[in-house]
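Hi everyone, thanks for coming. Today I'd like to walk you through the aromatic side chains. Let's bring the structure up.

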Amino acid sequence: MATLIKDVKLSDNIVKKVLFEKHIDFINDYGQDENNYEYGMTDYLRISGMYWALTALDLMNSEPAQGKDKVVEYIKQCQDPQSGGISACIGHDPHILHTLSAVQILAMYDQLNAIDTDGVVRYIQGLQQPDGSFAGDKWGEIDTRFSFCAVMTLSLLKKMDVINVEKAVDFVASCKNFDGGFGSRPLSESHAGLIYCCVGFLSITNRLDIVDQETLAWWLCERQLPSGGLNGRPEKLPDVCYSWWVLSSLTILGRLHWIDAEALKTFIFACQDTETGGFADRPGDVADPFHTVFGLAALSLLGYESIQKVNPTYCMPQRIIDKLELKPQYLS
Amino acid sequence: MHGRLKVKSSEEQKAEKKKEQQKKLVAYQMGMKKILSSRQKETYDKESFGISAQLLCVNPDIYTLWNYRKEVILIEHDKSKEDEVEGEEKFGQFLNTEISLTEQCLVANPKSYGSWHHRYWVLLLHPKPNWEKEFMLCTKYLNYDDRNFHCWDYRRLLINKIGITLTSEIKFSTDRLNANFSNYSSWHYRKSAVFTDPADSSAWFYLRWVLSNPALTKDKKEKLMEQFEQLEELEPDCKWILMAKCWLTGSLILSDCDHTDDRVLYYKRLLKLDPMRKGQYQQYLQLKD
């Protein structure tokens with residue numbers, strides 16, 4: 001009758017440090033070649049991919065080999081002059097996910113003026129629905145991820161007042177579940193990724209009073225498995241990206257100390273590819289920039305030395321958030 | 001990239017794979033170029049429409065291709081209105097093909113946001129949407145993977161359309177729980193999950209919520225305490241039972257100081273049983289001081 005816990009077994013010879021040089025090379029090589037298969041086939045998520053890669057580099061105190069100017073120039077070309085939204089890559093359609101990623105990169109490089117920010121504000125404003133929720137683009141998919149994207153983008157641009165914040169909060173609050181977690185829409189199952197989106201949303205809108213702090217923090221700390229890794233929902237496998245979604249939420253809730261930091265560090269270390277560089281979702285899998293940034297960001301929250309301090313709400317370097325004088329709410 | 005195991009391969013295999021990938025990449029880039037340029041000219045040729053289906057079957061996350069197909073569908077919709085006799089019928093058939101395409105994509109990748117949304121969008125536009133069939137398909141997919149939250153979310157959208165009163169049934173059972181705790185029949189069924197397999201965490205999350213209900217009387221709590229203690233005799237090292245006892249005594253504490261000491265014991269035992277979460281237990285123990 002005993003239930004087997006879904007987990008992975010770590011090997012005995014784990015490198016117990018971050019292989020910075022390898023990861024920096026991994027990221028720089030990744031974005032170098034349009035004819036590289038992995039890179040070429042993922043153009044439909046390019047701007048978000050750039051945000052993962054460039055944030056990873058910044059957290060490792062490095063800069064893109066291709067130069068910041070090229071990055072900014074590319075983003076400019078992805079803005080749709082009509083709607084104001086930003087697309088994943090040139091020729092594709094604007095979407096709130098890539099609009100946020102673009103604004104995050106430009107904020108990091110102090111280059112927000114390079115794009116039509118009024119256009120971005122207009123785009124986000126136009127995506128709010130009568131019930132307060134946000135669509136991802138003009139085709140109307142609704143998700144709490146998009147609520148988070150909206151307030152993150154607008155707060156970075158200091159334009160929160162253009163949307164109905166109260167209604168936006170009502171919608172997110174309506175996605176809260178009996179277990180204290182949040183889902184993508186009302187009644188949707190709690191999921192660590194969406195919990196991060198909703199808790200992050202409430203931290204930006206200064207409405208963490210809506211969260212059941214103890215219940216949610218308990219649900220989140222129960223994500224840690226014997227391997228030290230965190231999963232995203234009960235009875236699921238651990239994954240490095242959940243190190244970020246769970247840990248950032250716990251940090252915002254003031255309950256980071258409810259998980260075993262050393263065990264989690266070991267799990268994240270084990271997900272490094274010691275040959276190619278980069279982090280994978282689990283030990284032995286193929287590395288990619290997505291898991292690399294979230295692995296590094298989680299290690300930053302755990303206080304790993306020589307990684308830049310990351311902001312748990314914005315997943316951006318803390319010094320940028322300080323410079324912009326943004327003060328998301330945190331519980332103690 | 002989730003769950004993709006890294007495999008060691010020889011130089012020869014690597015070169016072969018690279019050649020194969022290069023072919024795929026060129027085909028992808030040429031396909032995209034053709035579609036995007038035809039779209040720019042608003043010519044919407046059949047060939048591009050066909051290529052976009054092929055590309056989506058390989059990767060349904062190329063969201064711009066779904067948007068392109070929606071634009072073509074809207075044009076077909078307008079056209080169908082010109083033919084008063086057969087227009088609607090033909091447009092319905094056209095959309096049925098589109099629904100099949102999303103199904104193909106979902107079989108290959110059941111977690112693609114784009115496919116799920118496109119399918120719903122098409123059904124909303126359909127002159128005669130078969131919501132019952134959709135509902136049955138949902139059941140089928142949930143049998144393959146009952147943790148696919150995309151499918152559950154889709155099911156909730158359908159319920160609103162069909163008018164099945166499942167939402168109201170859930171509400172009904174919740175209301176029953178809230179209104180009348182002395183009639184346990186409503187939640188006993190769920191609580192029994194805890195007693196069936198105490199090591200399975202899912203049911204305990206549910207139980208915590210049930211125990212937080214203010215309608216739970218002291219009398220009932222004490223009865224539950226007895227049951228947990230019986231269960232503990234069978235499963236002495238189960239942390240969940242200890243936690244449940246903590247929750248129970250936690251909400252009893254105002255009316256009964258005797259349990260304060262018990263809770264300290266429970267948390268101390270939890271510290272040993274579940275050291276990964278000792279931060280939490282220590283925090284609760286400090287609150288006691």
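Let's start with one aromatic cluster, formed by Trp52(A), Phe148(A), Tyr196(A), Trp244(A), Trp245(A), Phe290(A) and Phe294(A). Please keep in mind that this is a predicted model, where local features need pLDDT of at least 70, side-chain atom pairs count only at pLDDT 80 or more, and totals for chains, interfaces and linings use all residues. Residues are numbered from 1 along each chain as its sequence is written, chains are lettered from A and ligands numbered from 1 in the order in which they are written, and side-chain values use heavy atoms, leaving out hydrogens and water.

Over all chains, a search of the whole structure gives 32 aromatic pairs. Rings of Phe, Tyr and Trp (its six-membered ring) pair if their centres lie within 6.5 Å; planes under 30 degrees apart are stacked, over 60 edge-to-face, and the rest tilted.

Take Trp245(A) and Phe294(A): their ring centres are 4.7 Å apart with planes at 50°, so this pair is tilted. Trp245(A) belongs to helix α11 and Phe294(A) to helix α13, 49 residues apart. (Helices are DSSP runs of H or I, at least four residues; strands are runs of E, at least two; both are numbered from the N terminus.)

Are these two buried or exposed? Trp245(A) is buried at 14% relative accessible area, and Phe294(A) is buried at 4%. Buried means under 20%, exposed over 50%, partly exposed in between, with a 1.4 Å probe and protein chains only.

Finally, a charge: Arg46(A) lies over the face of Tyr39(A), 3.6 Å from the ring centre. That requires NZ of Lys or CZ of Arg within 6 Å of the ring centre and within 35 degrees of the ring normal.
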